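Colleague: I'd like to learn how to read a model one feature at a time. Can we begin with a single residue?

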Amino acid sequence: MANNMKNKKINDSKAHYRDLLKEVYEKKITEKEAQDFWLNVEGADYFEQIGIKTLKERLAVHSIPFKVIAKWRYEGWPNICFICKEICDMDKNEGSIVEEFYVNNKINRNIIIHWACLGAYYERFKGLTAWGIIQLIYNNLFKNHDIEVITLKEYVIGYTVKALIKNRNTKKLTFALSKTKKRKISLNQCKDSPFLPVITRALQYLEKNQDIEFKTNRTDIILFIVKQLEDANEFI
Ligand SMILES: [Zn+2]
């Protein structure tokens, strides 16, 4: 019995160490299975537990699907910046990996951009109504020191706008985004808003990647943003 227990323990600890990219590339597991495993991995060596060793793969795991990183690992990484078309060496942390999409959400590809070129990339979204609204809401929060931006303001605004646009295919959000009449709602009602999960997740992501820092109560800030979105006249 004691021996069995011991063996089981060893097997369990080994079971956590996998090479998810390899498994996805060889189609042994699906993207969703890889994502689910990754979300439940705990411990300081969590990258090692899923077989991620290089810096660029670490950076990529935060922003793009496993199947894309796997393809890059086994077939070659892109190394040209999407904006300036110069070499962008991801081994030297020269740039960011961005899941690119257009407003109609039909084209979806993964690109690399120099850190210095990210501002120019987000210029492309500045004509959107959603950009104007998010910018207005965030500028208030920045000005009052509720949120501190650690990296780039345009990135924080752009990331949130993209999150909203990307999620607009879900039924609830389509409704929220398509409304044109002002309907004032209370902070309490915001808890049922379809904007809430999208904004919560976007801000969690920005905080986890150290793009922003909350200086006052996080829940209050999120509810404030959701209420402003709910009160906005027109969105997209
Ligand atoms: Zn560039």
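Colleague: Where is the place of Lys 153?

Modeller: Lys 153 sits in helix H9. Helices are DSSP runs of H or I with at least four residues, strands are runs of E with at least two, and both are numbered from the N terminus. Residue numbers start from 1 along each chain as its sequence is written. This is a predicted model: local features need pLDDT of at least 70, side-chain atom pairs count only at pLDDT 80 or more, and totals for chains, interfaces and linings use all residues.

Colleague: How many other C-beta atoms lie within 10 Å of Lys 153?

Modeller: The rule comes before the case. A residue is buried if 20 or more other C-beta atoms lie within 10 Å of its own, exposed if 12 or fewer, and partly exposed in between, with C-beta atoms placed from the backbone. Lys 153 has 16, so it is partly exposed.

Colleague: What percentage of the 236 residues of the protein count as buried?

Modeller: The share is 27%. The protein has 12 helices and 4 strands.

Colleague: How do I read two packed helices?

Modeller: Packed helices are described by the angle between their axes and the distance between the axes. Axes here are lines fitted to C-alpha atoms, for helices over the stretch in contact, and angles run from 0 to 180 degrees between N-to-C directions. Helix H9 (residues 153-166) packs with helix H11 (residues 195-208) at about 145 degrees, and their axes are 10 Å apart.

Colleague: Which residues in H9 and H11 meet?

Modeller: Contact means that two C-beta atoms, placed from the backbone, lie within 7 Å. H9 brings Val 156, Tyr 159, Thr 160, Ala 163 and Leu 164. H11 brings Val 198, Ala 202 and Leu 206. By class, this contact has 7 nonpolar residues, 1 polar and no charged ones. For these classes, Ala, Val, Leu, Ile, Met, Phe, Trp, Tyr, Cys and Pro are nonpolar, Asp, Glu, Lys and Arg are charged, and the others, Gly among them, are polar.

Colleague: Val 198 is in that list. Is Val 198 buried or exposed?

Modeller: Val 198 has 23 C-beta neighbours inside 10 Å, so it counts as buried. Leaving out residues up to four places away in sequence, Val 198 touches Ala 163, Leu 164, Asn 167 and Leu 173. Arg 168 is 30 residues from Val 198 in sequence, and 9.7 Å from it in space, C-alpha to C-alpha.

Colleague: Which residues in the largest nonpolar core touch the most other members?

Modeller: A nonpolar core is a set of buried Ala, Val, Leu, Ile, Met, Phe, Trp, Tyr and Cys residues joined through C-beta atoms within 7 Å. The largest one has 51 residues, and Phe 66, Ile 69, Ile 112, Ile 113, Ile 134, Val 156 and Ile 199 touch the most other members. H9 gives the most to this core, with 7 residues. Domain 1 (1-54) and domain 2 (125-231) each supply at least three residues to this core; the bounds come from an automatic or database domain assignment.

Colleague: What is Phe 66 in contact with?

Modeller: Setting aside neighbours within four places in sequence, Phe 66 contacts Leu 20, Leu 21, Val 24, Glu 31, Ala 34 and Gln 35.

Colleague: How should I read backbone phi?

Modeller: Most residues other than glycine have a negative phi. Lys 27 has a positive phi of about 60 degrees, and is not a glycine. Lys 27 is in the loop between helix H2 (20-25) and helix H3 (31-40). With 9 C-beta neighbours inside 10 Å, Lys 27 counts as exposed. His 145 also has a positive phi, near 60 degrees. His 145 lies in the loop between helix H8 (129-143) and strand S3 (147-149).

Colleague: Last, a strand residue. Which residues does Glu 213 touch, not counting residues up to four places away in sequence?

Modeller: Glu 213 touches Glu 148 and Ile 150 on that count. Glu 213 is in strand S4 (residues 212-214). It has 11 C-beta neighbours inside 10 Å, so it counts as exposed. The C-alpha atoms of Glu 213 and Asp 146 are separated by 8.6 Å, at 67 residues apart along the chain.
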